[in-house]
2 protein chains.
Amino acid sequence: MKILLILGHQRPGSFCHAIAETAREAFRSAGHEVIYHDLYAEGFDPILPNAEIAKEAELSATIARHCREVLDADAYGIVHPNWWAAPPAILKGWLDRVFRQGVVYEFGPQGVIGKLKGKRAIVFTTSNTPRADELRLFGDPLENFWKTCVFGFCGVEDFYRRNFESIIMSTPEQRAGWIEEVRQIVQQRM
Amino acid sequence: MKILLILGHQRPGSFCHAIAETAREAFRSAGHEVIYHDLYAEGFDPILPNAEIAKEAELSATIARHCREVLDADAYGIVHPNWWAAPPAILKGWLDRVFRQGVVYEFGPQGVIGKLKGKRAIVFTTSNTPRADELRLFGDPLENFWKTCVFGFCGVEDFYRRNFESIIMSTPEQRAGWIEEVRQIVQQRM
């Protein structure tokens, strides 16, 4: 299978980077081809300009390539920290620009038609808020965001997410265990 | 009062622009001072760099000014379209960069302390999904996002949001009525 793996984190060496690199290796070990984008490292421009709004708009080579990759992928992996109950702007803008009408969804007579060929997604997120507080105070909005509003909307039904927390209070042993868990999740679900 | 009004929409002449301009005039007519940012028009850079993460990081003149404005404001107005159940990346990045620890919130022994001086916020959003579908399919995530995850977290208790939909199916008369509603909401709540 072809896996599209997207990372949105600002610091090389971060725990999110370790997750993404572990996932990439695990995908490859299982025989999959991985297309990998570290959006910060690539200097991805997240600002959707007005000229790109129309369905038939001419796209830059970069955005056209991202759209082709999304369409070609058999499965998707996303890695990012929780910033204000949402992805960092660079990753939000990747959605704004790449998840286009006509590419990932279409409107039909009965409503929205998800157009993603890939039917499986794994999302790894990190945060510092303890799990019970996250659920009680905010309701874990990232679950609804990725599962329902993004991937569900585009026709991806097999969805799995794992949030690791609290990063700031974790020990090296915990983080090593989480990295091993990433490896197992990828192996078991792909 | 000082009102900080932030717009995130890519096209001058849009309905979001009309909302923001109406709100600005209504704030001014009521005797308030308005600090207004059209983030697209200003070319705001939404990418939080690693060098800005630390609480004591040195900030660019632009970000330092945004932080001062947020701290000086007595109330906040936000206007944006619903893109993937969230603000456009440019506005998400304004939060990522300006809503800093030590500026808008702090961690105390009992948990988070909201530091915003302003205690009132109005958020206007626009979307194309009919209201009943939005609630049934997605649960209106923008309400939780702005009310609880952002403004509530920072200590703003007096929160009001109005979503206008469906923009794409609206008539000129409906839009004129909505603009009048924006004027009344600002007058009544500020």
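This is a predicted model: local features need pLDDT of at least 70, side-chain atom pairs count only at pLDDT 80 or more; totals for chains, interfaces and linings use all residues.

Tutor: Let's start with helix H1 of chain A, residues 15-29 (helices are DSSP runs of H or I of at least four residues, and strands are runs of E of at least two, both numbered from the N terminus). Residues are numbered from 1 along each chain as its sequence is written, while chains are lettered from A and ligands numbered from 1 in the order in which they are written.

Now for what H1(A) hides. Its buried residues are Cys16(A), Ile19(A), Ala20(A), Thr22(A), Ala23(A), Arg24(A), Ala26(A) and Phe27(A) (buried means 20 or more other C-beta atoms within 10 Å of a residue's own, exposed means 12 or fewer, and partly exposed is in between, with C-beta atoms placed from the backbone). They pack against strands E1, E2 (33-38), E3 (75-81) and E6 (120-126), plus helix H7 (172-189), of chain A. Just past H1(A), Gly31(A) has a positive phi of about 95°.

Leu4(A) is buried because 23 other C-beta atoms lie within 10 Å. Skipping residues up to four places away in sequence, Leu4(A) touches Ile35(A), Glu69(A), Val70(A), Ala73(A) and Tyr76(A) (contact means C-beta atoms, placed from the backbone, within 7 Å).

Back to Ala23(A): together with Ala23(B), it has the most contacts inside the largest nonpolar core, which has 105 residues. Such a core is a set of buried Ala, Val, Leu, Ile, Met, Phe, Trp, Tyr and Cys residues joined through C-beta atoms within 7 Å.

And the two chains? In all, 28 residues of chain A are in contact with 28 residues of chain B. On chain A's side, helices H4 (89-98) and H6 (141-152) each supply at least two residues. The copies meet through the same surface, because 100% of chain A's interface residues are also interface residues in chain B.

Terms used: Two residues are in contact if their C-beta atoms, placed from the backbone, lie within 7 Å. The expected span of a helix is 1.5 Å times one less than its number of residues.
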